[in-house]
Structure formats: structure tokens, C-alpha cells
Amino acid sequence: MEPKLPKLSPEMLVPRLGEYLVQKGLISESDLQHALAYQQETAYKGGQALLGQALIDLKMLDKETLDQVITELIIQLRSALQSANRNLEQRVRERTADLNEALNRLSELSQMKANFISNISHELRTPLTHIKGYIELMVSESLGPVTEEQRHALTVSQRSAGKLEDMIEDLIMFSLASRGEMSMKLDKVDIRRVVSLLVKAAARKADERGVKVDVLASDSIPLVQADGEKIGWAVTQLLDNAIKFTQSGGSVTVVLEEDGKNLVQVIVRDTGIGIPSLACERYLNPSISWMVLRPGVMEAQGWVCPLCVRLWRRMGLSST
């Protein structure tokens, strides 16, 4: 047998009816306690009685007064709800305005950063070209003979200048990508050959760190539609990062896999320190400065991987 549902009444919508009646002086505190006791007794006997009905049964209040009080409370509740909604709408508008302002400011700062990087990179390129030129003249002894010690020092300086030039070119590329100004020259690219050459170029650095680097790819890997120069740059950066964060005795492998009929996956896999799963989103976000911290290793201001992701997407490729 289903339980009997209570009869619907407007009083059910009104909280703290007894306190309101006492405040208005329509009943006393003792009347309220008497009515509550009567209500509990009725419920114990299996009956159902709301507080208002209990007051009417005890002849402490007439129905007309009760209905008027309930109507007042419902009107007050409606007014309070409308006021709360207005305040909520106002707070939402204010927060939305604050978020838009913060977003615009973030966009301005990002643009300022990109412009600064672009300007400083181009300013550094000219004096570095002069430095490299004079070092080459001295190494070739065009400016006079040099001793073996001097030649060694010049060779070290030449390598350092080359690294600095690569960094400046990377900064310029990052700046162009940040502003959406990087152009792509898509063409058929032998990705297997490109990756093999890049791995050979990285072998010396890997050997110095005691890291084994190789390529794992089948002869059936097809040509891909991409910008050969940009994809080569991206793979080089990923290789350099992988070698840098892999301990001596570890390995770095570039894997090429066919994914369906028209796609090729390029996977740079290493046995290094890795990235915590919770940090991956920050790691790939170019608008966030991040730091990878591990015992004995610290890398600050990461931007290589976010830029690689942008290059991949500009060429219509996926990145994971």
C-alpha cells in the first residue's frame, strides 16, 4: 500500500512561520511551543498537521490571518529571490568584464614578448655575423699566423658562436610563430631520409653525453606533405632536448610509423627523466613559463616543445 501523500498547502513554501508569527505579536512563544507539541502528537498518532493548522485547531489563530501571513512571507521570499538574481547578474557582469580585461592584458603582454624577442634577436644577429666573420679570418690565418693554442681557442669560440647563432634563429622562428607570421612551403618530403640525417648530425652530441641515438623506421615509409626545413628544425629540437635530459648510458630513438594510408607518426622516444603527466598541459602551452626540476637538472623557460606543436599544427599534422 502506497503511503498517503500530504495535502499540498501554501504553508509548505514558507520557512520559519512560527518565528514570524511571534515577531509580529500574533502568538506568544508559549503558544508556539504548545502548537509544536500538538503537531508532534498528531504526527505520532499517524495524522498530518502543519504548524498553521495546529494553531487553528488550538484556536490560537484564525485561517484568514494565517493566509495573510503566509502571503506576506511568500511575497518577501519572491522579493529576496529577485534581489539575489539581480545581484548575481551584476556579479557575473563584473567578473566577465574582469576576465575580458585580464585576457586582453595577457594578449598584449604576449604580443610585447613576441615583439621583444623578435627585435632583440635581429639586433644580435648583425654583431654576431661580424664576430663569426673575424673568427673565420683568424682561423684561416688570413689576418696572420696563429699558434696551435690560439687555433684551439678560436675553434672553441667558433663553435660557441655557431650555437649562439642557432639560438638566435630559434628565437626568431619562435617570434614568427607566436605572431602567426611563419610561412610554410609544403612539398613532398622524404621524412625517413630527413630524420636519418638529423640523427647522424646529433650523434656527436649524444656520444659526448654517453647516450645512444638511432632511428627505427621501415623502408616502406611514404613521402609526406610538409615543410622539410621546418619539420627538420622541430625534430632537431626534440632530439636535442631528449639527449640533454637523458642520463649517460640511456638511449634516444626516433621512430617512424605509418598511421593509416596517408599519415606518418614521428616519435622521439628516450629513457630520460620524462615529464610528469600533470605538467604536460603546462609544458605544451607557450603562454606559460615553466621549469623542469629533477635532481641535478634544471631547465627554465621552456618554449621549444610548444613551438614544435605550433609547427606541426600549421602543417596540418597532429601532436601528442
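Is Asp67 buried, partly exposed or exposed? In this predicted model, Asp67 has a relative accessibility of 34% and counts as partly exposed.

Start there: select Asp67 together with Lys63. Their side chains form a salt bridge, 3.0 Å from N to O. Both residues belong to helix H4, where four residues, about one turn of the helix, separate them. Lys63 is exposed, at 52% relative accessible area.

Next, select Arg16 and Glu19. This pair also makes a salt bridge, with the closest N and O atoms 2.5 Å apart. Arg16 is exposed at 58% relative accessibility, while Glu19 is partly exposed at 38%.

Move to helix H5, residues 148–178, and pick Glu148 and Arg151, which are three residues apart, about one helical turn. Their salt bridge has an N to O distance of 4.0 Å.

Met138 sits in helix H4, which covers residues 63–139, and is partly exposed at 31%.

Now go inside. The largest nonpolar core contains 22 residues, and Ile191, Val195, Val213 and Val252 are among those with the most contacts within it. Helices H6 (191–208) and H7 (228–244) and strands S3 (224–226) and S4 (251–258) each give it two or more residues. H6 supplies the largest share, seven residues. Apart from this core lies another, of 16 residues, including Val14, Met60, Leu66 and Ile70.

Finish on Val252, whose contacts include Val213, Leu239, Ile243 and Val268.

Key. Residues numbered from 1 in each chain as written. Predicted model: local features only at pLDDT ≥ 70, side-chain atom pairs only at ≥ 80, totals over all residues. Heavy atoms only, no water. Buried < 20%, exposed > 50% of the residue type's maximum accessible area, 1.4 Å probe, protein only. Core = buried A, V, L, I, M, F, W, Y, C linked by side-chain atoms within 4.5 Å. Contact = heavy atoms within 4.5 Å. Lists of a residue's contacts leave out its neighbours within four places in sequence.
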